[in-house]
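I am opening my notebook on this structure and will write down what I looked up, one topic at a time. The entries follow the order in which I went through it.

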Amino acid sequence: MARLILMFNKQVIKEYPLLKESVTIGRNEDNTITINNLAVSGYHARIDIAGPDFILTDLQSTNGSFVNDKKVVSHKLSHGDNVMIGKHVILFVGVEKGKAAADRKKMDMDKTMMLDTAKQKELLAKQQKSPQAAQAVEKIGVMEAIDGSDIGEIELTKKLIKIGKAHSSEIKLSGLFMPATVATISRRPSGYIISPTGGKVKVNGEVVKDSVQLKDFDTIDVGSYRFQFYEKEVKNS
Amino acid sequence: MQIKASSISDVGLKRDGNEDSFSTDDSLGLYIVADGMGGHLAGEVASRIAVEMINKSFRKWIEEEAQANEFFGKPDSSLSLKGNYILSSIRLANKVVYEMAMEYKQYHGMGTTVVILLVTPTLIIAANVGDSRIYMLRAGELERLSKDHTIVSEQVEMGMMTEEEAATSPMKHILTRNFGSSETVEPDIFELEPSNNDRFVLCSDGLTDLVTDEEIFEMTQSEDDPENLCRKFIDTVLKRGAHDNTTVISVFLSDVEKRGGGSKIGLFFGDLVVGIQKIIKKLIP
């Protein structure tokens, strides 16, 4: 059976067997391995079991995780690896070759796996709420009217934003020649993308033919209206 | 709007069974691929249940024109009504897979990814959980309409890993979200307007493991028939060893009407032009 040996100043503090569940390492008490030291983050690192392998993942800790003196984000542990968390060292003791195959059904990493223990879920949720993870802030697009009209700032909270004369438009514009929907902005994996649907739309002075991804401080002209696009940070609640 | 769709699912060269499931429904414009996991055929069960449940519940809500109070779970105000139908059907299907996995010993630990495309004349919706993908080819560019829910791609998003490192990482198949492992699941959902000649490819990771985005782009661009495109994808995967099940659905749109709506005065001019054309045709036979 593989195990972890927690050491400080070359003194063994405790041994932990690596069983079925993932192991978390951090300062908070609900970790599998609690290290009460200020150099260690609340939830510092995690070791997942993936088939026959053990994979260390740094949970965006403040001071990083090191394996054999090299900083790692994720690392497949090998027998004898020294994992340094703050000033503590965790020695990974793998299974001797040959026995490993007998111990665990050989699984190839090509096979899709899922993290499915209840504990894992809890920790993932906590990790998202922890202060370190909060650094990965969410951004939201804003269209700000800069033509002196009273439209002001419109946050693009919907996945698909319609611009035009129709009452159902998220950005409602008026004008004799304004179509019901002149353009749409959709929020996609790559960002905010504006596409004209029945009228002329200019981004930074150029007429948009098919669609264009909006970047910070792009100016958008629609009819007599002018907007500036930018993304602002929103706090994750 | 015209829809031409085609699909193929292939067991590959290394696996005994096919754990992928899929469905195509041209009348609803609903296309689904699910990649199941879990031994002893449980993966196949998970993916099949997911696909069936989503089809059934989505159809029911569409037909009944269900309103917010009938949704499964809290409605998402950032989505359209149809987007909320998709969201609800995903939540419901996940719960069914989850409960079966809890209830029956032989299904314990089963799960599945899901990727959904809804095509209507006024709205395209793409939704996913896990690492099956949707690609869209529009105006000469290939775009992903799904987000991989894997440890690796989340690290790429946070800037902790490059795309190149991600592609070779031993952890690229470890999912952070999937159907069946938790009572609730939140998909990524995207909405956009259709555009003429849009082409979509839905696929399980059997394709994306062996075929790069650039190759998917080139093949989707150069094939004019969705059936040929599916065949080409599968042939390429088989040539490269096909270590996993592969499922692809290709959906090609044509005759999509630009829905400007037109201003009243624009419509008036439009009518005027059509009227004049008619008069001219009568005058000059």
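**Entry 1: a pair of strands in chain B**

How many bridges pair strand 1 of chain B with strand 12 of chain B, and in which sense do the two strands pair? I looked this up first, keeping in mind that I am reading a predicted model, and I found that strand 1 and strand 12 of chain B are joined over nine bridges in the antiparallel sense. As one example from this pair I noted D10(B), which has T246(B) of strand 12 opposite it. I then checked how covered strand 12 of chain B is, and in this strand, which runs over residues 246-254, eight of the nine residues are buried.

**Entry 2: the sheet around that pair**

I next asked which strands make up the sheet, and I read its order in chain B as 1-12-11-7-8, an open sheet of five strands with antiparallel pairing. At its edges I found strand 1 (2-10) and strand 8 (141-144) of chain B, each of which pairs on one side only. On average, neighbouring strands here are turned by 15 degrees against each other, if direction is ignored.

Moving through the sheet, I saw that strand 11 and strand 12 of chain B pair over five bridges in the antiparallel sense, with V201(B) standing opposite S250(B) of strand 12. Strand 11 of chain B (residues 199-203) also pairs with strand 7 of chain B (residues 133-138), again antiparallel and over five bridges, and there V201(B) is the bridge partner of Y135(B). I reminded myself that strands of a sheet pair through backbone hydrogen bonds, either parallel or antiparallel.

**Entry 3: two helices of chain B**

How are helix 1 and helix 2 of chain B placed against each other? Helix 1 (residues 42-64) and helix 2 (residues 81-103) of chain B pack at an angle of about 140 degrees, and their axes lie 8 Å apart. I recorded their crossing as right-handed. The residues that make the contact include A46(B), M53(B), F58(B) and W61(B) from helix 1 of chain B, and Y85(B), L92(B), V96(B) and M100(B) from helix 2 of chain B. Sorted by class, this contact has 16 nonpolar and three polar residues, with no charged ones.

**Entry 4: chain B as a whole**

Stepping back, I counted eight helices and 12 strands in the secondary structure of chain B. The C-alpha trace of chain B spans about 80 × 50 × 35 Å along its principal axes, and of its 285 residues 47% are buried. I also looked at contacts in chain B between residues at least 6 apart in sequence, and 70% of these join residues at least 24 apart. As for confidence, chain B averages a pLDDT of 90, with 92% of its residues scoring at least 70, while the model scores ipTM 0.81 and pTM 0.72.

**Entry 5: the sheet of chain A**

In chain A I found an open sheet of six strands in the order 2-1-11-10-7-8, with antiparallel pairing. Its edge strands are strand 2 (11-17) and strand 8 (70-72) of chain A, and the twist from one strand to the next averages 30 degrees. Strand 1 (residues 3-8) and strand 11 (residues 88-93) of chain A pair over five bridges in the antiparallel sense, and in this pair R3(A) stands opposite V93(A). Strand 10 (residues 82-85) of chain A is joined to strand 11 of chain A by four bridges, V83(A) having I90(A) as its bridge partner. These two strands form a hairpin with two residues between them, and G86(A) in the turn has a positive phi of about 60 degrees.

**Entry 6: two residues with positive phi**

Most residues other than glycine have a negative phi, so I looked for exceptions. N68(A) has a positive phi near 50 degrees; its place is in the loop between strand 7 and strand 8 of chain A, two strands that run antiparallel and are joined by three bridges. Is N68(A) buried or exposed? N68(A) counts as exposed because 12 other C-beta atoms lie within 10 Å, and 12 or fewer is the cut-off for that class.

The other is N197(B), whose phi is positive and near 65 degrees, in the loop between strand 10 (188-192) and strand 11 of chain B. With 13 C-beta neighbours inside 10 Å, N197(B) is partly exposed.

Conventions:
Residues numbered from 1 in each chain as written. Chains lettered and ligands numbered in written order. Predicted model: local features only at pLDDT ≥ 70, side-chain atom pairs only at ≥ 80, totals over all residues. pLDDT = per-residue confidence, 0-100. Pairing = 2+ DSSP bridges. Axes fitted to C-alpha atoms, helices over the stretch in contact; angles between N-to-C directions. Left-handed = near helix turned anticlockwise from the far one by under 90°. Contact = placed C-beta atoms within 7 Å. Nonpolar A, V, L, I, M, F, W, Y, C, P; charged D, E, K, R; others polar. Buried ≥ 20, exposed ≤ 12 C-beta atoms within 10 Å, placed from the backbone.
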